[in-house]
Amino acid sequence: MPNWAIHLIVPLLALLIVGRKEDHKYILLLLPLAVLPDIDTFVIEHRALLHNIFIPAILFFIGLSIKKMRSIFFIAGVYFVSHVILDLFAGGVVLFYPVYNQMAFIDASLEMSRTNQLLWTFDYGFNDYSEGWKIAQGYISDSVGTGSLVIVLVAGIWASYRNRMVGKEDK
Ligand SMILES: [Zn+2]
């Protein structure tokens, strides 16, 4: 995974921007779904079993069919699909698992070289789904991710503390 913080914050922000106010509670409650796909690490089909296009497609389809539960399934679908897209840009995912077991990837970056030249990388396609990905080694949260989570956590504590203070003043 890119890191926990990115997987959580990117779809959360997108949903809070797009979502209606009455859906905010579902947006917060379903947030764990943004990192849920990574539990496929434990079944040795990492970046495949839960990192494909079919699971979010099913969620969106259920949302379309059941009007009463639409926003819940759409929010769940967005969390799933955002995870898959972010991993697509960070190494790749077996997008059409189990129908087509190659790893789709997109590599897009812009960097500054030592000689101050801009280096633009853009590449995409399919790679072999190698053993290295299947058994998934690496960071659960890298250093930047941990730092980002600390900042968001402090903001959350601050906000609830402030709300409590405001609540007391009102009484
Ligand atoms: Zn992942």
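**Helix packing and the zinc site**

Helix α1 passes α4 in a right-handed crossing, meaning that the near helix is turned clockwise from the far one by less than a right angle. This is a predicted model, where local features need pLDDT of at least 70, side-chain atom pairs count only at pLDDT 80 or more, and totals for chains, interfaces and linings use all residues. Residues are numbered from 1 along each chain as its sequence is written, and side-chain values use heavy atoms, with hydrogens and water left out.

α1 spans residues 4–18 and packs on α4 at about 130°, the axes being 10 Å apart. On the α1 side, the residues in contact (heavy atoms within 4.5 Å) include Val10 and Leu15, and they meet α4 residues including Tyr79, His83 and Asp87.

α3 also packs on α4: their axes come within 8 Å and cross at roughly 165°, so these helices are roughly antiparallel. Here the contact involves, among others, Leu59 and Phe60 of α3 with Phe73 and Phe80 of α4.

As for the metal, Asp38 (OD), His51 (NE2), His83 (NE2) and Asp87 (OD) coordinate the zinc ion at 2.0 to 2.2 Å; donors are N, O and S atoms within 2.8 Å of the metal (3.2 Å for Na, K and Ca). His51 sits in the loop between α2 (24–29) and α3 (54–65), while His83 lies in α4 (residues 70–88), 32 residues apart. Both His51 and His83 are buried (under 20% relative accessible area, with a 1.4 Å probe and protein chains only).

Notes: Helix = DSSP H or I, 4+ residues; strand = E, 2+ residues; numbered from the N terminus. Buried < 20%, exposed > 50% of the residue type's maximum accessible area, 1.4 Å probe, protein only. Axes fitted to C-alpha atoms, helices over the stretch in contact; angles between N-to-C directions. Parallel < 35°, antiparallel > 145°, perpendicular 65-115°, else oblique.
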